[in-house]
Amino acid sequence: MAEKICVAVRVRPSISEESPSGTFWKIEDNRISLHKLHGTPISGLSYAFDHVFDESCSNSKVYELLTKDVIHAAVDGFNGTAFAYGQTSSGKTFTMNGSLNDPGIIHRAVNDVFQKIQMISDREFLIRVSYMEIYNEEINDLFAVENQKLPIHESLERGIFVAGLREEIVNNAEQVIKLLESGEVNRHFGETNMNARSSRSHTIFRMVIESKGIDTGSSDYSSSDAIRVSVLNLVDLAGSERIAKTGAGGVRLKEGKYINKSLMVLGNVINKLSNGAKQRAHIPYRDSKLTRILQTALGGNAKTSIICTVAPEEVHIEETKGTLQFASRAKRITNCAQVNEILTDAALLKRQQLEIEDLRRKLQGSRSEVLEQEILKLRNDMLKYELEREKLEMELEEERRSHKEREQHIRDQQLKIKNLSSLVSDGNRSSSQDSMKESPKDECNDFKTPCFKETSNNAFVAKRSNYSELPDFSPLPDSFSNVADEDTWFKMNKGYIADLDSLQTTPARKVQSFPPQDITPDCSNDNYKLELQNLKTQLELVIKEKDELQRKHEEEVQINRRLMGEISELKQELDLSNNSLESSAQRYGNLEREFQKLKDERDSLLQTVSESSKNITFLTDQKENILKDLNCEVQRRKDLEAEIKQFSVAFASRQRSLASIHGEFKSKIEKLRAEKLVRY
Ligand SMILES: Nc1ncnc2c1ncn2[C@@H]1O[C@H](COP(=O)(O)OP(=O)(O)OP(=O)(O)O)[C@@H](O)[C@H]1O
């Protein structure tokens, strides 16, 4: 969340005995303004801040109102920075370190951090502290004097950090205070005209607060497994100084130059940041080690509070004005602090497991299930189409067969009709010839059948036509030579219809030739007449039958046409079914391929996850081992310290006893000497 930097001004008590002659700084609520002695405010020199603390204000109040929130937020996982800025001897160190009676912000913050931690029961904490100074633009470790000129590095995991800086894991406030005291010894102080104990370096006391929710067995990885890591910087800057006032020379002069230069870079950074987003394209954090280390605190992911200390004396008006302007610009800076949570290995593993589960659900549930259902549906469709196709094929085959049968039947019928027709026409012709011989013309007319077709003598089946080619001596008329054989013909004329099909199949038999007079029928013969009558009746029957067959044939043709139409429709349907079957098969293939692809993806994901799980387990083990070693080391160190203490006590008492023995011996020797002298 974006929020402004919290800025306060603190006026230290005057150390000058002289009373103001022209102007004085007046403090009202959160405002500080320069007034003329008689009380008139000087225009343009009135500044408002979050807080303005007067001379009487204690460190306790400053801490409560300005810094406490930042410290508490740091315990909750927000980066925090509190720093003191101001001219030399304005009270920065007094504010940050305090005095015996009124501890400063650093001491209060340390106590507060541990008190707050005690009150949080659902998280466990790990606190590391470090203490460094920037002296003449070089970073030194105040916990380990051997660590000098340390470099600044930046990495994705750690952000900006000082490489090689000693970090102490601490368990309580007292431990930290002791460490701070040991660090103070290494800090660069120097005497100047303005401050008997002037800080010659910027110091940064850093607490890294890591916390983790105590495992409640919840499956929600974000609640208990995320680790919060926040960095709290408590900074006591060296004060800007005018060489003319400090009277610095030599080493002090060199120090002063470095101090002023780095404070100027800090001022530039504050200036740029206060200009707003549009004009602050490049912020010169890299121009000094101080701004580089404080980069996050200035316009970054941190809650920051600045206390600007000023001296009330008239002689320092210009420096105070400068400090107030710096404070005003700093007031405009917006930071964007957020809880720094990182996932532990276990949380990472849990999250990955959840992700895998999710993927699996997605695969097996939504997509896979839908695909499988679709495939099943397609399979069913395909089966249905196959069955339909088979049925249609069978029907079609049946139709073809019956069609063929019908065609054959029709052909046979036609053939029979033709046979009969020619038979009838032959009979007609012979009877009309006979009647012309013996009966009047009108009698012959009785045999006429109006619809009867005249057929040529040779119109009968081809093989029968051979009979017509028999030698002329055949006694039978030409027409009879077409008859299959005499028996059949005879039977037919006797009044019963022989199997018509046999007419065609009866083998030909050579007709015996008789003299014409022997075989020529006698028209006057009654039997013959009777026969003729029978034949006429038969003929009528045949004609009827022929008509009936004709009608049937026409019906058959109609049915055939209809069936042909149906068949072509069925064929079209079949083609359509085949097409949709083909496209279904294609879709099915595609779906199966997609399904396979998803399966492969899932397998490779599972593979990756199992590998990363292994890595995580390995890393967790390593981390646990390192922590164990570290704890052992800390314990060993404690034991050693205790031993050294014991040894020191023993050594001191040993020294004392040696001194007393020595004294005893000395007095004895002197006594002996005296005795010796007396003797001689
Ligand atoms: N609010 C205060 N109340 C009482 N004494 C103060 C206060 N502020 C500063 N002093 C005293 O003023 C003197 C200078 O203060 P201090 O050393 O803290 O200044 P400084 O800003 O840190 O100076 P430098 O930049 O030179 O280190 C000290 O003796 C300190 O005790």
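Two strands count as paired if DSSP finds at least two bridges between them. Helices (H or I, at least four residues) and strands (E, at least two) are DSSP runs, numbered from the N terminus. With those terms set, here is the structure.

It is a predicted model, in which local features need pLDDT of at least 70, side-chain atom pairs count only at pLDDT 80 or more, and totals for chains, interfaces and linings use all residues. Residues are numbered from 1 along each chain as its sequence is written.

I start with the totals. The protein has 16 helices and 19 strands. Of its 680 residues, 26% count as buried. Buried here means 20 or more other C-beta atoms within 10 Å of the residue's own, exposed means 12 or fewer, and partly exposed is in between, with C-beta atoms placed from the backbone. Among contacts with a separation of 6 or more, 71% join residues 24 or more positions apart. A contact is two residues whose C-beta atoms, placed from the backbone, lie within 7 Å.

Now the hairpin. Strands β10 (residues 152-155) and β11 (residues 159-162) run antiparallel and are joined by four bridges. Three residues lie between β10 and β11 in this hairpin. Which residue in β11 is the bridge partner of E154? The partner is I160.

Next, an open sheet. Three strands make it up in the order β3-β4-β5, with antiparallel pairing. At its edges are β3 (23-28) and β5 (41-48), each of which pairs on one side only. From one strand to the next the twist averages 25°. For angles, axes are lines fitted to C-alpha atoms, for helices over the stretch in contact, and the values run from 0 to 180 degrees between N-to-C directions. Helix α9 (residues 317-331) packs on this sheet and touches β3, β4 and β5, and its direction makes about 45° with that of β5. Between β4 (residues 31-36) and β5 the antiparallel pairing covers four bridges. In that pairing I32 stands opposite Y47 in β5.

Two residues deserve a look for their phi values. Most residues other than glycine have a negative phi. D29, in the loop between β3 and β4, has a positive phi near 50°. S89, in the loop between β7 (80-86) and α2 (92-97), also has a positive phi, near 65°. Is each of them buried or exposed? D29 is exposed, because 8 other C-beta atoms lie within 10 Å. S89 is buried, because it has 27 C-beta neighbours inside 10 Å.

Staying with S89, its contacts beyond four places in sequence are M194, N195, S198, G239 and A311. The UniProt record, an unreviewed entry, places a "binding site" feature at G86, Q87, T88, S89, S90, G91, K92 and T93. UniProt positions are given in the numbering used here, feature names are shortened, and annotations may be inferred rather than shown by experiment. T93, from the list in that record, is in helix α2. T93 is buried, because 23 other C-beta atoms lie within 10 Å. Not counting residues up to four places away in sequence, T93 touches S199 and D236.

On to a helix pair. Two packed helices are described by the angle between their axes and the distance between the axes. For α1 (residues 59-75) and α3 (residues 105-119) the angle is about 45° and the axes are 9 Å apart. α1 and α3 are therefore oblique to each other. The classes are roughly parallel under 35 degrees, roughly antiparallel over 145, roughly perpendicular from 65 to 115, and oblique for the rest. The crossing of α1 and α3 is right-handed. A crossing is right-handed if the near helix is turned clockwise from the far one by less than a right angle, and left-handed if anticlockwise. On the α1 side, the residues that meet α3 include V62, T67, I71 and V75. On the α3 side, they include I105, A109, V113 and I117.

Last, I204, in strand β15 (residues 202-213). I204 is buried, because 24 other C-beta atoms lie within 10 Å. Where along the chain is V235 relative to I204? The two are 31 residues apart, and their C-alpha atoms are separated by 4.5 Å. Leaving aside neighbours within four places in sequence, I204 is in contact with M132, N233, V235 and I293.
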